Every structure is written in C-alpha cells, then in structure tokens.
Amino acid sequence: MVLMMMLTMMFINITKSELHYVGGDKFSWVPKVNLTEWSSHEHFHLNDWLYFGYDRDMYNVLEVNETSYANCITTGFIKNVSTGAGRDVFQLTEFKTFYFLSGGGYCSDGMKVAIKVTEGVAAPTPAPSPKSAAPAPSPESAAPAPSPEKGDACGIHLNQILLVFIFVFMWGISSNYISY
C-alpha cells in the first residue's frame, strides 16, 4: 500500500512539472548563446525544472538578484546551483523572476538568463471576422487582459485525479490476489 501511494505521488508530481533545457539543448549553458531569446519562447510554471548542461571545468551556475544579473556581479549570489558535474537542475518553486549567470567573466559573453515563472498562459484572443471588424481600441480605452485563474488548469487537475483513481483501483484489484 505504501509503495502504491509513493508511486501515485511520483506520477502526480511528474504531470505537474516540465524540464527545460536552458538554451534549448543538453549543453547550451555556454557563451554566445542568446539565452534571452530562448527564454522568451518558453513558458515557465511553478515546479518546472531547469537543466543546465555545461563544461564543468570552465563554467558554473549562480542564482543572483536582479542587480547582480544586470551588472554581471558574481559576489553575494543567492545560491550556487553548480554541483561540479556540469549537469545541474534547479526547480522553480516560486512565482517570481529567477536570475542566473556564470562567473569567471562569462556573464559578459551572454552566459546569463532571466526566468519568469507564471501561473498560466492567457488564451489567445480570437481575430475579428472580416464582416464585424471594428477599429482597434486606443491604448487608453483598452482594458488589461484578465489574468489566468487557477481554474484554467482544470484539465491538469482532472488528469491527476483520474491517475490517482486508476492507481487506487489497480491496487485494490492486486490486493485481492495477495494472501496476508
């Protein structure tokens, strides 16, 4: 029973997070890669993971504050993410912007990235049909887009509940054939 519960929790956590290879590749934490461009095309959510792949003899990964990020300051960092293997992971555990850079002067060569963790992605607004096309509203009259609410991830929650139900059901069936 304990094993089944552990497996269930593991699968629930897997369905809630995603692994992002920083820079788009297993070994993209290197100078001269446009990490700002890469991160602008990614969507980072709570509990997602970042994977930093790099040459462990040359580079490192430091979590820093916004000022240190902007000025490539490596002293007073928040966390040294480097474990020495050159293949490091970092979990995004808060709704905020995380800042990472590499020391040794490589930050100036582009080895830095800002990761903004969001709760969800707003649905795209449909394009107006040609018959009812109205002039675009002026910036003063345009209302801000509504922020996504927790209910928007209903499909994920439903899948998790279904997954738990399947595991509990399978455990119930298997326990009927085990004599204690």
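Strands here are DSSP runs of E with at least two residues, helices are runs of H or I with at least four residues, and both are numbered from the N terminus. Two strands count as paired if DSSP finds at least two bridges between them.

β1 and β3 run parallel and share three bridges; Tyr 21 has Tyr 51 of β3 as its bridge partner. Strand β3 (residues 49–53) pairs with β6 in the antiparallel sense, over five bridges, and here Trp 49 stands opposite Gln 91 in β6. In general, strands of a sheet pair through backbone hydrogen bonds, either parallel or antiparallel. Strand β6 (residues 87–91) also shows two faces: Asp 88 and Phe 90 make up the covered one, while Arg 87, Val 89 and Gln 91 make up the uncovered one. Side chains in a regular strand alternate between the two faces of the sheet.

A second open sheet has five strands, in the order β2-β8-β7-β4-β5, again with mixed pairing. β2 (44–45) and β5 are the edge strands of this sheet, each with a single partner strand, so one side of each is left without a neighbour. Strand β4 (residues 62–64) and β7 run antiparallel and are joined by three bridges. Leu 62 stands opposite Leu 101 in β7.

Strand β7 (residues 97–101) also holds Thr 97. Thr 97 counts as partly exposed because its relative accessibility is 28%; buried means under 20% relative accessible area, exposed over 50%, and partly exposed in between, with a 1.4 Å probe and protein chains only. Beyond its neighbours within four places in sequence, Thr 97 is in contact (heavy atoms within 4.5 Å) with Ala 114, Ile 115 and Lys 116. The C-alpha atoms of Thr 97 and Phe 44 are 9.9 Å apart, although 53 residues separate the two along the chain.

What lies inside the fold? The largest nonpolar core has 19 residues, and those with the most contacts inside it are Trp 29, Leu 50, Phe 52, Phe 100 and Ile 115. Such a core is a set of buried Ala, Val, Leu, Ile, Met, Phe, Trp, Tyr and Cys residues joined through side-chain atoms within 4.5 Å. At least two of its residues come from each of α2 (35–40), β3, β7 and β8, and β8 gives the most, with three residues. Another core lies apart from it and has six residues, including Tyr 69, Tyr 99, Leu 101 and Cys 107. In soluble globular proteins, nonpolar side chains tend to be buried together.

Cys 107 also takes part in a disulfide with Cys 72, their sulfur atoms 2.1 Å apart; the cut-off for such a pair of cysteine sulfur atoms is within 2.5 Å. Cys 72 lies in the loop between α3 (66–71) and β5 (79–80), and Cys 107 in the loop between β7 and β8 (112–118), so the link ties together parts 35 residues apart in sequence. The link is left-handed, with -70 degrees about the S-S bond. Cys 72 is partly exposed at 25% relative accessibility, whereas Cys 107 is buried at 5%.

Over the whole protein chain there are four helices and eight strands. Buried residues make up 25% of its 180 residues. Of the contacts with a separation of 6 or more, 70% are between residues 24 or more positions apart.

Where pLDDT is low, the predicted coordinates should not be read in detail.

Residues are numbered from 1 along each chain as its sequence is written, and side-chain values use heavy atoms, leaving out hydrogens and water. Local features need pLDDT of at least 70 and side-chain atom pairs count only at pLDDT 80 or more, while totals for chains, interfaces and linings use all residues.
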